[in-house]
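Hi,

Here is the structure I promised to pass on. Please have a look at it first, and then read my notes below.

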Amino acid sequence: MSARTAQHTYTIKEVAVLTGLPASTLRYYESIGVIAPVSRGASSKHRIYDEDDLGQLMWIACLAATGMSVSDMRQYVANGQLGPSAAGEQIELLTEQERRLALEAEHIALRQRYVHLKIDYWRAVQAGGDARAEKLSTEARSLADELKRARKQ
């Protein structure tokens, strides 16, 4: 008798709920090789995910949530199959993603500053503070130029 117990299996709908990835995305990831082909039911031919599939999809969902490109996710998964010998490339992929996220955070901070300036501007207008409104308008124009430059990066 085998010591191995039967694994729980999941439908594509269940996996979609558990991972937060739509069924269409799960099918797409399979079709382009982000994940290996999923087992199919003998009679229904519907996808049947096991615990291992679910585990892999959970961390793929985390990578997707960081905004990592599909190409980089596919490479990350492929490298994962290689184990420790691919550690350097994994670090490279993740470091580049970290850099992209830091740049995105800088852009968001600039946009927040712009919105804050515009709020202050309209408060000054509302209060009749023409000199303050003019100063804030000048600052907002300068920040708008900075936003345009940042967008080109």
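Below are my notes on aromatic pairs, a helix crossing and one glycine.

First, the ground rules. This is a predicted model, numbered from 1 along each chain as its sequence is written, with local features needing pLDDT of at least 70, side-chain atom pairs counted only at pLDDT 80 or more, and totals for chains, interfaces and linings using all residues. Side-chain values use heavy atoms, with hydrogens and water left out.

Let me start with the rings. Phe, Tyr and Trp rings (the six-membered one for Trp) pair if their centres lie within 6.5 Å; planes under 30 degrees apart are stacked, over 60 edge-to-face, and the rest tilted. The count comes to three aromatic pairs by this rule. One of them joins Tyr 28 and Tyr 29: with ring centres 6.3 Å apart and planes at 45°, the pair is tilted. For burial, under 20% relative accessible area is buried, over 50% exposed, and in between partly exposed (1.4 Å probe, protein chains only). Tyr 28 is partly exposed at 44% relative accessibility, whereas Tyr 29 is buried at 6%.

Tyr 121 and Trp 122 form an edge-to-face pair, 4.9 Å centre to centre with 80° between the planes. Here Tyr 121 is buried at 19% relative accessibility, while Trp 122 is exposed at 52%. Tyr 121 also has the charged end of Lys 118 over its ring, 4.9 Å from the centre (the rule asks for NZ of Lys or CZ of Arg within 6 Å of the ring centre and within 35 degrees of the ring normal).

Next, the helices, which are DSSP runs of H or I with at least four residues, while strands are runs of E with at least two, both numbered from the N terminus. The axes of α1 (residues 12–19) and α3 (residues 51–65) come within 10 Å and cross at roughly 40°; axes are lines fitted to C-alpha atoms, for helices over the stretch in contact, and angles run from 0 to 180 degrees between N-to-C directions. On the α1 side, Val 15, Leu 18 and Thr 19 meet Leu 54, Leu 57, Met 58 and Ala 61 of α3, where contact means heavy atoms within 4.5 Å.

Finally, where does Gly 41 sit? Gly 41 lies in the loop between β1 (39–40) and β2 (47–48), and is buried at 8% relative accessibility. Leaving aside residues up to four places away in sequence, Gly 41 touches His 46 and Ile 48.

Best wishes
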